[in-house]
Amino acid sequence: MKLTALEIAQKHNGIIEGNGNVLLTSLEKIQDATKGCLSFLGHSKYISFISNTKASAVLVHENFKTDKIIETTLIRVSDPYAVFNSLLIEKAKLKEKKHHGIHQTAIIDSSSDIADGVYIGAYVVIGSNVKIETGVCIYSHCYIGSDVIIGKDTFLQVRVSVMNETQIGERCIIKSGAVIGCDGFGFIKKNIKHIKIPHLGKVILKNDVEIGANSTIDRATLGATIIHEGVKLDNLVQIAHNVEIGSNTVIAAQSGIAGSTKIGKGCAIGGQVGVIGHLVLGDDLQIQGQSGVISDIPSDKIIQGTPAMDFKSFYKSYVLFKKFPDFENRLRMLENKKIYDR
Amino acid sequence: MKLTALEIAQKHNGIIEGNGNVLLTSLEKIQDATKGCLSFLGHSKYISFISNTKASAVLVHENFKTDKIIETTLIRVSDPYAVFNSLLIEKAKLKEKKHHGIHQTAIIDSSSDIADGVYIGAYVVIGSNVKIETGVCIYSHCYIGSDVIIGKDTFLQVRVSVMNETQIGERCIIKSGAVIGCDGFGFIKKNIKHIKIPHLGKVILKNDVEIGANSTIDRATLGATIIHEGVKLDNLVQIAHNVEIGSNTVIAAQSGIAGSTKIGKGCAIGGQVGVIGHLVLGDDLQIQGQSGVISDIPSDKIIQGTPAMDFKSFYKSYVLFKKFPDFENRLRMLENKKIYDR
Amino acid sequence: MKLTALEIAQKHNGIIEGNGNVLLTSLEKIQDATKGCLSFLGHSKYISFISNTKASAVLVHENFKTDKIIETTLIRVSDPYAVFNSLLIEKAKLKEKKHHGIHQTAIIDSSSDIADGVYIGAYVVIGSNVKIETGVCIYSHCYIGSDVIIGKDTFLQVRVSVMNETQIGERCIIKSGAVIGCDGFGFIKKNIKHIKIPHLGKVILKNDVEIGANSTIDRATLGATIIHEGVKLDNLVQIAHNVEIGSNTVIAAQSGIAGSTKIGKGCAIGGQVGVIGHLVLGDDLQIQGQSGVISDIPSDKIIQGTPAMDFKSFYKSYVLFKKFPDFENRLRMLENKKIYDR
């Protein structure tokens, strides 16, 4: 990277404040930046760094105001993080090593159909009747069962398990250690014993899905567990059998969705959230971290707590939860008033 | 599958309502069923589907009542899901591909004793003095340490780690990514540093145990971590060193049991539950999801919350939790009454 | 092991009570001990076992008192568990099998620098420009990406993923299934879609770090996710991008730390704790299990709850939480008093 502040401003409709000719050769966080770095002001927690950052230029919001003396060059843009990210993406592309070809230790069933331009790493095992489209990268130690489809430009990091009949869309990213398509957790109780329910369904991941490291997505009893287009799951997330997650929903680490629950589109689900089975959750929900959802939720709500409720109500109650001991005192004082029993 | 409704009814002591001669060729969920499908009415949430299902026949409870017009054939039985499941099991058996033999890339120490009729997949590594009984299937990329015993007909999915000295019973299922027998998490504090406690014990899984994908079961410090007969663990469950889980207890995803705790038989433990160490929990407990258990619990309780309490008490209090702001208002009104201070 | 009680006492400045010449040949928990065993009295829950243990000798605290009749030999020392642990460590060393050499199936890029005295197991894959120092053991099925450094005497159990550019210190232990250095979970929202933020940073593990089975540590966006010296993470822990964990902090199973949060030194964090992103937590904190931390916390606090508060306040309020129904009754009685409305 070798750009002046002015060149960046021109490309992103930005306005320069300070020296536009300063040369920028790397990208860095505002608190860690040194001379020659371009940085950005994102999260409001980092505002204090603006006055003494060593960055040669900082991307800020077009309406950014401060009464501090600023020595660095400012580049005012409508979305500083988005501009910074576009530069990160360019840098990442340069750094990326493209892998091609099939490693000689990969074991691929002869009935499988591997397109040209696919990379298959060392010690990968691929079962029968698998179809792998062009541009797919499957890194070392992955296991792909039988009758699996993997759409073009999808990326499986090392040590991923994809069980029989799973269908994976295009441009998906599946991170190391993820397990896609194991039997679900279902039993019928017979006296005191638990008889396993066979899981004859499958898992379908649509296009542009990202699955985090060591996350687990179970296959359906019948039909399919479906992760729709653009869904992003963080690490250690559990998706049970027959769940359906609507497009562009994001789920943070260590959350779990129990069997047959349907979640709408565009939801933002925090970390360590639990959702019980057989629910229907709406679109554009925001579920705060560690919440426990035990009932259907309509669209556009923000919820929190276990069991989860409207988050404003939760906070009002929670603030008072801290005041309980005081409550009890006030109650006792009222009860002790002599007049009272007259 | 090619059965008439009548044939199914006869086999399972059912009663036909409607056309008993309808031919059933596949199994499907009531909401997804098409012509030729047999379905069932299980969870009460799905009752509304009965009047417009496309299924050719539906298994219902013998006492099922409705005022809706039903066009499909009903098969009344004492346990509809159990009958449906027995048909699923038959179908699953037909679909199952039996694997046999030892893949040429498996690396097996010559001191190990592998019975006839065992399947060992590609890139499996097996240490010294291991005993593997007949009917065991070990899928690709599994690692079996030294001095391990695996009982007959046990099934290890791909990428399972079984560390030294682990004992696994018969007919167990261990899902992909599970780690059985790592050192436990124990330290002695010396000044500010943590000195590792060696873990010289082992893990014992008895017969008919199921361990979920990416779950972790630590070996004991001394003695054994014991998972008794018929226990079923879901995905991403953590079982610490020296824990003992009683027979037929079921633990849902992402729950964790801390060191040296003993849990009784026949318990149903929800998802994301945490139990601290050194506790004794009784038999037939039901622990609601996300509960945190910090004290011994006698048998036959239903508990919830963090710290966990009787679930009815929890709900009574929780309902009022939502009314706190109202409480405070009522309290303030009482305090403000003029008469009061007379 | 073949030691008399007296020999142990002499080595650890202990005082014998009973027969000092009794021969001790093994180590066992007090409740499981048989003749010839040395045991110890650690956790107070086990005091009742002292009067009927079959152990030939028991390590107890120098000030231990009881009114029960004790038949076993007591060895009074200042720290019974530490003495017992030192004997466990000796036993573990005897049991340990040292592995050496590089397995012929390991695939190692020729540009990598592997010191003498390293063990590399079967089916390990190691990328380019990797530096592995002496005494390192890398067990089977591990994957080491490019530009990785692994310090001396570090131990990677089977099936560990170490992604590109990760730096691992000396004497670290990384357990089976852990994933170090995957991309973090970060997106920029553009209309309804989520655009991936590239993660160009890395993970640094300092010396004496332990990472639990199936735990995940994400690489930084820029800069590094840093796990400082002596930190111990249990199984299934999630550490997000750009997190920094201070030296000697211990985190129990299934906890998760969100992006860019800094945690101080010497903290003890319970199981299933969640900490949101961009926080600064002090030193020597104790965070109780299942807490949810959503704000900066100064040093030396003990906190609990979601959102987390001072643990004493939490317990005071929680005790009263159980009394809510009673509260409401008392409030209603006050409101119903006739005198009241006069």
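Two strands count as paired if DSSP finds at least two bridges between them. In chain C, strand β22 (residues 187–190) and strand β23 (residues 193–196) pair in the antiparallel sense over four bridges, and C:Ile188 stands opposite C:Ile195 in β23(C). The model described here is predicted.

**Confidence**

- The predictor gives the complex an ipTM of 0.94, together with a pTM of 0.95.
- For chain A the mean pLDDT is 94, and 99% of the residues of chain A reach 70 or more.
- Where pLDDT is low, predicted coordinates should not be read in detail.

**How the chains are related**

- Two copies of a chain are related by a rotation about an axis and a shift along it.
- Chain A is superposed on chain C by a rotation of 120° with 0.0 Å of shift along the axis, at an RMSD of 0.0 Å.
- These two copies are therefore related as by a three-fold rotation axis.

**The five-stranded sheet of chain B**

- Chain B has an open sheet of five strands in the order β2-β7-β6-β5-β4, and the pairing is mixed.
- At the edges are β2 (15–17) and β4 (26–27) of chain B, each of which pairs on one side only.
- Within this sheet, β5 (residues 37–40) and β6 (residues 57–61) of chain B are parallel and share three bridges.
- B:Leu38 has B:Ala57 in β6(B) as its bridge partner.
- Helix α2 (residues 80–95) of chain B packs on the sheet and touches β4, β5, β6 and β7 (73–77) of chain B.
- The direction of α2 in chain B makes about 135° with that of β6(B).

**Other strand pairs**

- Strands of a sheet pair through backbone hydrogen bonds, either parallel or antiparallel.
- In chain B, strand β24 (residues 202–205) runs parallel to strand β27 (residues 224–227), and four bridges join them.
- B:Val203 is placed opposite B:Thr225 in β27(B).
- β27(B) also pairs in the parallel sense with strand β30 (residues 244–245) of chain B, over two bridges.
- The bridge partner of B:Ile227 in β30(B) is B:Ile245.
- Back in chain C, β22(C) and β23(C) form a hairpin with two residues between them.
- C:Asn191, in the turn of that hairpin, has a positive phi of about 55°.

**The contact between chains C and B**

- Chain C gives 53 residues to this contact and chain B gives 48.
- On the side of chain C that touches chain B, the elements giving two or more residues are α2 (80–95), α3 (311–321) and α4 (324–336) of chain C.
- The largest share of that side, eight residues, comes from α2(C).
- By class, the residues on the side of chain C that touches chain B are 21 nonpolar, 18 polar and 14 charged.

**Helix α4 against helix α4**

- The axes of helix α4 (residues 324–336) of chain B and α4(C) come within 11 Å and cross at roughly 35°.
- The crossing of α4(B) with α4(C) is left-handed.
- From α4(B), the residues B:Phe327, B:Arg330, B:Leu331 and B:Leu334 meet C:Leu331, C:Leu334 and C:Glu335 in α4(C).
- This contact of α4(B) with α4(C) has five nonpolar residues, two charged residues and no polar ones.

Technical notes: Residues are numbered from 1 along each chain as its sequence is written. Chains are lettered from A and ligands numbered from 1 in the order in which they are written. This is a predicted model: local features need pLDDT of at least 70, side-chain atom pairs count only at pLDDT 80 or more; totals for chains, interfaces and linings use all residues. Two residues are in contact if their C-beta atoms, placed from the backbone, lie within 7 Å. Axes are lines fitted to C-alpha atoms, for helices over the stretch in contact, and angles run from 0 to 180 degrees between N-to-C directions. Copies are superposed by least squares on the C-alpha atoms of residues with pLDDT of at least 70 in both. Ala, Val, Leu, Ile, Met, Phe, Trp, Tyr, Cys and Pro count as nonpolar, Asp, Glu, Lys and Arg as charged, and the others, Gly among them, as polar. A crossing is left-handed if the near helix is turned anticlockwise from the far one by less than a right angle, and right-handed if clockwise. pLDDT is the predictor's confidence in each residue, from 0 to 100.
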